[in-house]
Amino acid sequence: MTGAAPLPRPDALLLDLDGVLADLHGRRALASTDDVAALAALRPLAVVTSCPRRLAESVLARYGFLAHVRALVVAEDGPGKPDPFPVRLALQRLGAQSAWMLGDNPSDVQAAVAAGVVALAIAPRGPGAEGHAARLRAAGAVRLLPDVAALRALLATD
């Protein structure tokens, strides 16, 4: 986003699983293994999801992401988003004080904001995209990105 204020540098990166890294309903990857590996080389990476552990690990392994994830926070760990608990737990597990979190729905954004981390969101596409984008911004998303690769570019420039 040209002209947007620079973001504070994060200690870590937090990613939602469904809708960010993979489409669980469509059973396909939304990010490339190369992009996830590159992000993990720049900052410690955690996945914060409301999925059960077994499903999350299976999906992350299927698409080659698991080896790059330093921490995984799942449904069994405690209250889910929009509660800030899973975001705070991810920070604790990574030993990080600050982070950028990339999600795809208002509950991801609300959890990030409540936990005091920079909330970023995947820009919605298709029917209803404008309304969903407005809900993401209203929840506190500071930037809407097209995909995980854009997060990599944002880290390099901001």
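Leaving aside neighbours within four places in sequence, L151 is in contact (heavy atoms within 4.5 Å) with L15, L39, W100, L102, L120 and L145. This is a predicted model, in which local features need pLDDT of at least 70, side-chain atom pairs count only at pLDDT 80 or more, and totals for chains, interfaces and linings use all residues. Residues are numbered from 1 along each chain as its sequence is written, and side-chain values use heavy atoms, with hydrogens and water left out.

**Nonpolar cores**

- A nonpolar core is a set of buried Ala, Val, Leu, Ile, Met, Phe, Trp, Tyr and Cys residues joined through side-chain atoms within 4.5 Å; buried means under 20% relative accessible area, exposed over 50%, and partly exposed in between, with a 1.4 Å probe and protein chains only.
- The largest nonpolar core has 32 residues, and L17, L21, W100, L102, L120 and L151 have the most contacts inside it.
- At least two residues of this core come from each of strand 1, helix 1, strand 4, helix 2 (53-62), strand 6 (99-103), strand 7 (118-122) and helix 6. Helices (H or I, at least four residues) and strands (E, at least two) are DSSP runs numbered from the N terminus.
- Helix 6 supplies the largest share of this core, five residues.
- Another core, of 26 residues, lies apart from it and includes A46, V109, A119 and A139.

**Helix 1**

- In helix 1 (residues 33-42), D35, V36, A38 and L39 are buried.
- Seen down the helix axis, these buried residues fall within an arc of 160°, so they line one face of helix 1; the arc is that of the directions from the axis to the C-beta atoms.
- D34 and A41 are exposed on the other side of helix 1.
- Strand 1 (12-15), strand 4 (45-48) and helix 6 (148-157) are what the buried residues of helix 1 pack against.

**Helix 5**

- A138 is found in helix 5 (residues 129-139).
- A138 counts as exposed because its relative accessibility is 70%.

**Pocket lining**

- Seven nonpolar, three polar and six charged residues make up the lining of the largest pocket. Ala, Val, Leu, Ile, Met, Phe, Trp, Tyr, Cys and Pro count as nonpolar, Asp, Glu, Lys and Arg as charged, and the others, Gly among them, as polar.
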